Amino acid sequence: MPKLLETREDVELMVNQFYQKIRQEPELGHIFEDVAQINWELHLPKMYDFWEGILLGTANYAGRPMPPHFRLTTKYTLTPEHFDRWLHLFFENVDELFEGDIAAEAKYRAYSIATIMNQRVQQVNAQISSEN
């Protein structure tokens, strides 16, 4: 039964379950595992800090999420469909675990992030395509 998203532990649960879904997803899992070769022990704590900062107002995250995605799309073309699938899984995950205003904010922020990141990545893809 969904509960309110209120604590760092809630954020960690959201992030952990989401990335378990991603890793098992045929369209996305191989990108994270084989192409990006994510070190989950390093990546997950960054994601906890990122989402905790956005949703709970802490200032633990210090990073720039766009450059790694730009580098990734030079190795493997990230498409709008990849971002759509990511967002679908994110919404599904939040809805399974949480309800309330902060859960709604998580989905709103994920939508905003996916939209902006997709637009920027597609610009990089177009630039790469025009150079080849």
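Trainee: I'd like to start with one residue. Is His82 buried or exposed?

Mentor: Residues under 20% relative accessible area count as buried. His82 has 13% relative accessibility, so His82 is buried. Keep in mind that this is a predicted model.

Trainee: Where does His82 sit, and which residues does His82 touch?

Mentor: His82 is part of helix α5. Setting aside neighbours within four places in sequence, His82 is in contact with Glu27, Leu28, Ile31, Tyr76 and Thr77.

Trainee: How many residues does α5 have, and how far does α5 reach?

Mentor: There are 18 residues in α5, and the distance from its first C-alpha to its last is 26 Å. That's close to the 26 Å expected at 1.5 Å a residue.

Trainee: How do I read the packing of two helices?

Mentor: Two packed helices are described by the angle between their axes and the distance between those axes. For α5 (residues 80–97) and α6, the angle is about 170 degrees and the axes are 10 Å apart. An angle over 145 degrees counts as roughly antiparallel, so α5 and α6 are roughly antiparallel to each other.

Trainee: Which residues make that contact?

Mentor: From α5, they include Pro80, Phe83, Trp86 and Phe90. From α6, Ala103, Ala106, Tyr111 and Met117 are among them. By type, the residues of the contact divide into 14 nonpolar, 2 polar and 2 charged.

Trainee: Let's move to α4. Which of its residues are buried?

Mentor: In α4 (residues 66–75), the buried ones are Met66, Pro67, Phe70, Leu72 and Thr73. These pack against α2 (29–35) and α6 (101–131).

Trainee: How far is Phe32 from Asn125?

Mentor: In sequence, Phe32 and Asn125 are 93 residues apart. In space, their C-alpha atoms are 18 Å apart.

Notes
Residues numbered from 1 in each chain as written. Predicted model: local features only at pLDDT ≥ 70, side-chain atom pairs only at ≥ 80, totals over all residues. Heavy atoms only, no water. Buried < 20%, exposed > 50% of the residue type's maximum accessible area, 1.4 Å probe, protein only. Helix = DSSP H or I, 4+ residues; strand = E, 2+ residues; numbered from the N terminus. Contact = heavy atoms within 4.5 Å. Axes fitted to C-alpha atoms, helices over the stretch in contact; angles between N-to-C directions. Parallel < 35°, antiparallel > 145°, perpendicular 65-115°, else oblique. Nonpolar A, V, L, I, M, F, W, Y, C, P; charged D, E, K, R; others polar. Expected span 1.5 Å × (residues − 1).
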